[in-house]
Amino acid sequence: MYAAIGMIRFLCLLIIFSTLNAAALEILNPAKPIPAISLVAKNLRKQTAEVTTAPDGKPALKLTWDNSDANKLEFFFEPGADLPEFEKAVIEVEVYLTQNSFSNFFHIRLIDSQVEIFQFRKFLRFDKLPMGWQTFRFEINAEDLNSDPNIRTWGRNANRKINYPAKFFGFCIDFSRTRGNGEIYIGKISIQPEKK
């Protein structure tokens with residue numbers, strides 16, 4: 001009987017450990033201090049990025065743009081946020097959409113120790129999504145970055161292999177130039193890695 005109780009306790013601990021091991025890790029949270037933000041050509045493109053609150057009062061990174069001045073908004077964190085090593089992972093980005101969150105593509109970018117940038121793309125019709133908070137999921141297979149057409153890489157050592165340590169680097173949002181002013185709010189960013 002004691003052996004059975006001991007086995008049950010061991011299995012419970014194993015389940016708890018597995019659950020903790022698979023838990024999502026927070027990368028960035030606008031409710032806490034975040035790295036400095038650099039917008040690409042912000043004056044030319046008339047774009048802004050500021051930590052504030054979403055319309056529902058939740059802390060968020062607010063991005064604004066004028067569609068007549070550019071067709072994309074790009075920014076990166078200085079420095080980026082550290083990522084754990086992984087073979088496969090899911091990165092989740094909380095996004096608050098308003099009536100002015102029109103877009104075509106939403107990209108996240110990672111950067112590795114060899115200064116190679118990895119861009120992961122999602123095609124989204126924001127005007128067809130419900131308003132309010134959404135979670136955009138990016139499934140990444142670091143062992144096979146060549147077969148996915150939604151992945152681009154470039155940089156100093158563009159070998160399409162993540163050389164660790166790596167960081168979450170930033171975003172690129174593509175939009176139509178015919179829609180007027182745009183805005184979007186970004187909340188927490190997290191990663192759920194499958195460890196090697």
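Visitor: Which side chain meets that of R109 in a salt bridge?

Guide: Side chains of opposite charge can pair when their charged atoms come close. A salt bridge is a side-chain nitrogen of Lys or Arg within 4 Å of a carboxyl oxygen of Asp or Glu. Here the partner of R109 is E74, at 3.1 Å from N to O. R109 lies in strand β7 (residues 105-111) and E74 in strand β5 (residues 72-83), so the pair ties together parts that are 35 residues apart in sequence. Strands (E, at least two residues) and helices (H or I, at least four) are DSSP runs, numbered from the N terminus.

This is a predicted model, in which local features need pLDDT of at least 70 and side-chain atom pairs count only at pLDDT 80 or more, whereas totals for chains, interfaces and linings use all residues. Residues are numbered from 1 along each chain as its sequence is written, and side-chain values use heavy atoms, with hydrogens and water left out.

Visitor: Is R109 buried or exposed?

Guide: Buried means under 20% relative accessible area, exposed over 50%, and partly exposed in between (1.4 Å probe, protein chains only). R109 is buried at 10% relative accessibility, and E74 is buried at 12%. R45 joins E74 and R109 in a network of salt bridges.

Visitor: How many salt bridges are found in the whole structure?

Guide: The search finds 8. Among them is the pair of E183 and K62, whose closest N and O atoms are 3.8 Å apart. E183 lies in strand β12 and K62 in strand β4 (residues 59-66), so this pair ties together parts 121 residues apart in sequence. E183 is buried, with a relative accessible area of 18%. Another bridge links E26 and K32 at 3.0 Å; E26 is partly exposed at 39%, as is K32 at 49%.

Visitor: What is the volume of the largest cavity?

Guide: Rolling a probe the size of a water molecule over the atoms shows where empty space is left. A cavity is a set of points, on a 1 Å grid over the protein atoms alone, where a 1.4 Å probe fits but cannot get out; lining residues have an atom within 4 Å of a point. Grid points are joined across faces, edges and corners, and a volume is the space filled by probe spheres set on the points. The structure holds 1 cavity of 30 Å³ or more, and the volume of the largest is about 60 Å³.

Visitor: Which residues line the largest cavity?

Guide: The lining consists of L28, P30, I34, L61, F77, F171, I186, G187 and I189. Strand β12 (residues 181-194) contributes the largest share, 3 residues.

Methods: On a 1 Å grid over the protein atoms alone, a cavity is a set of points where a 1.4 Å probe fits but cannot get out, and a pocket is an open set with protein on both sides within 12 Å along at least five of seven lines; lining residues have an atom within 4 Å of a point.
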